Amino acid sequence: MTKSKLSAIASGGAYNPATDLVVVVRNGVADYLAQFPSGAGYFNVLDYGAKGDGIALTDVTTTGGSTTVSSASYSFTSVDVGKYITIAGAGPSGGVLNTTIVGASGGNAIVNVIVATSVGGTAAATFGTDNATAINAVVTAASNAGGGTVKLPNGIFVVASKITWLTKVSLSGNGASVSILKWISLTDMGTGAEAVIAGVTGSSSTPYTDCVFRDFEIDCAAATDATYTYQAKCIDIIYALRPVFMNLYLHDSPATALGVDYIRDGLIFGNRITNAGRLNNGSSDHGGSGISWETGDSQNTETTIVANNVVLNAKRYGIANEETDPLTTNSQRTIITGNIVRCTNTSGWGIQDNGVTGAIITNNICTSTSTANLGSGISAGGGTNPYDTGQQGTIANNYVIGWQNGIELAGVGSISPNGYSVRGNTITSTNKYGILVDNSSSNVNATVNITDNYVTNCASAGIAIVTSSGTPSFTNFTISGNTCSNNATVTSTDSHKAGIWLQGTVTGLTMQNNYCFDNGSSTQKYGISYETGFSVTKALITGNHVHDNTTQGFNILGTLTGWISDNWGYNPVGASSLTPGSSPWTYTAGSTPEIIYLYGGTVSSVAKNSVTLATALSSTTALPVHLQPGESMAVTYSSVPTAVKDQR
């Protein structure tokens with residue numbers, strides 16, 4: 001067994017990793033550092049001059065127009081001179097104040113700038129030595145050794161400039177919220193810094209390879225960026241092969257918290273991210289996501305797993321693939337599963353697929369508490385983004401509450417959400433639609449399957465299928481097994497007050513076994529509503545339950561041809577009289593099965609499919625002729641018979 005001993009050393013002191021089991025006593029707190037045998041590929045930041053001496057206070061007092069900072073719980077001394085300090089609320093207009101400590105007097109700190117705003121005894125502040133140079137040195141040492149793991153022990157490690165990352169180097173702390181990188185800088189984060197951890201010199205041929213980041217926190221609450229740059233992130237890695245991001249706590253980044261562009265075979269697992277993109281404008285600015293990865297250049301993004309992360313209140317997207325342009329390369333086979341995404345602002349989106357082929361988005365919880373939210377809980381395309389939409393993906397078994405639309409599939413440019421499957425999701429309390437499929441902006445047809453979802457209490461229709469008149473739309477579309485209840489709680493548009501609402505041109509529609517009803521506040525007037533001015537051909541609409549809506553089961557305003565039968569609440573349509581045309585009279589059934597009853601008159605032939613059924617009619621007993629949708633019969637007569645149709 002390797003020899004070990006226990007050493008109590010001063011903060012930042014040296015130790016022998018081959019023999020020493022080290023406890024660093026820092027500010028009265030024992031910090032355990034695991035023993036790493038010599039040559040094991042571990043590099044401790046303390047051995048390269050890092051201090052980790054940051055101190056967080058919650059009781060700071062400042063006076064506007066003064067340079068004095070005081071704390072009830074901490075007495076500043078000359079040891080603190082030269083350290084960076086950030087004070088919440090003490091800057092201009094009550095913003096953050098970032099400066100340095102230039103002196104100490106009577107237990108108070110003297111800072112380098114005049115305080116703009118008074119804060120009285122409850123302000124949060126953090127101060128400490130800048131560790132960026134030391135951490136960059138250890139990263140370089142690990143790289144020069146052919147790779148290894150940089151160890152970040154317990155403590156708050158203030159950094160005032162970026163840490164430049166290198167390939168085959170990993171970073172491991174002792175735990176999120178225990179090993180902390182705290183950004184405090186006198187310049188805007190976007191001015192040359194780009195990110196706290198920045199690996200931006202990779203390429204498709206020389207990617208950052210096998211880098212693992214785990215078990216530490218990055219705090220960007222003190223970061224400023226007056227003009228907003230989308231590179232102002234917690235972590236920004238460009239071209240990454242087999243990276244792992246695990247058990248990180250990233251928060252308050254001006255732009256995206258964790259950005260990994262051109263990632264291949266990556267794992268993003270078990271991270272907690274809050275308040276990402278806080279300086280994003282919420283609409284047109286790129287970035288601003290909790291977790292995002294981009295595709296482009298000359299390679300595809302392959303087989304990335306994003307699992308079990310918690311993303312809270314990102315300004316733009318909680319989790320997003322962002323394709324840079326409508327390129328020939330795209331992300332493939334991404335799995336997004338088991339994540340929790342929650343948003344309280346009006347501009348946030350939950351999970352976004354912009355350009356993945358074959359994405360699997362499953363078992364996530366996406367919630368929004370804003371009644372004015374403009375984003376969707378889970379989406380492929382859509383919104384104001386300039387990217388492509390995903391294709392051939394699966395959105396399954398997710399729980400979505402709030403947002404504008406629960407789940408949205410939207411065509412973008414020349415790309416439609418073709419081949420997407422939306423199944424088994426629970427969606428409730430949206431500000432508009434539960435599920436929206438909008439192919440209006442695409443110039444190609446889309447095939448989409450929507451099955452076995454539960455959609456309830458949405459402000460407009462539960463499921464909405466939308467295209468623009470005259471544009472390509474949908475082919476071989478399936479809507480099956482969904483439950484849509486108590487929707488249309490807010491909308492004033494009559495045709496939208498439906499469990500399922502269609503406004504578009506569809507060739508080949510299968511709509512079966514859906515259950516659309518209202519047993520709540522009686523706002524869902526129709527089970528299925530089809531908008532005027534559009535056409536559906538080759539429709540198979542059977543077995544739907546549309547009986548308990550407040551007005552009627554079907555509200556068909558557009559042109560619909562195909563087979564409509566056995567829909568409880570619509571079929572049977574019932575009996576009505578027919579007026580035969582001139583002999584020989586040919587009659588063709590509509591979209592529902594029909595029985596035509598004929599009697600009386602002087603008839604010489606009743607034929608179906610060129611087969612004669614009768615050469616005369618009784619004056620008292622009707623002849624029933626069964627017609628399937630689109631099937632015809634011909635009646636030849638000299639005296640007009642009586643005809644009644646019974647639509648099933």
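Which residues line the largest cavity? In this predicted model, the lining consists of Leu-502, Leu-509, Met-511, Ile-528, Tyr-530, Val-536, Ile-541, Phe-554, Ile-556 and Leu-560. The strands that each give two or more residues to this lining are β51 (506–512), β53 (526–530), β54 (535–542) and β55 (552–556).

**Cavity**

- One cavity of 30 Å³ or more is present in the structure.
- The volume of the largest cavity is about 60 Å³.
- Its lining comprises ten nonpolar residues, with no polar and no charged residues.

**Salt bridges involving buried residues**

- The structure contains seven salt bridges.
- Lys-83 and Asp-80 form one of them, with an N to O distance of 3.0 Å, and both residues are buried.
- Asp-53 joins Asp-80 and Lys-83 in a network of salt bridges.
- Lys-233 is paired with Asp-236 in a salt bridge whose closest N and O atoms are 3.4 Å apart; both Lys-233 and Asp-236 are buried.

**Salt bridge between two loops**

- Lys-525 and Asp-494 form a salt bridge in which the closest N and O atoms are 2.4 Å apart.
- Lys-525 is located in the loop between β52 (515–517) and β53, and Asp-494 in the loop between β49 (483–485) and β50 (498–503), so this pair ties together parts that are 31 residues apart in sequence.
- Asp-494 has a relative accessible area of 32% and is therefore partly exposed.

Technical notes
Residues numbered from 1 in each chain as written. Predicted model: local features only at pLDDT ≥ 70, side-chain atom pairs only at ≥ 80, totals over all residues. Heavy atoms only, no water. 1 Å grid on protein atoms, 1.4 Å probe; cavity = no way out; pocket = protein on both sides within 12 Å on 5 of 7 lines; lining within 4 Å. Points joined across faces, edges and corners; volume = space filled by probe spheres on them. Helix = DSSP H or I, 4+ residues; strand = E, 2+ residues; numbered from the N terminus. Nonpolar A, V, L, I, M, F, W, Y, C, P; charged D, E, K, R; others polar. Salt bridge = Lys/Arg side-chain N within 4 Å of Asp/Glu carboxyl O. Buried < 20%, exposed > 50% of the residue type's maximum accessible area, 1.4 Å probe, protein only.
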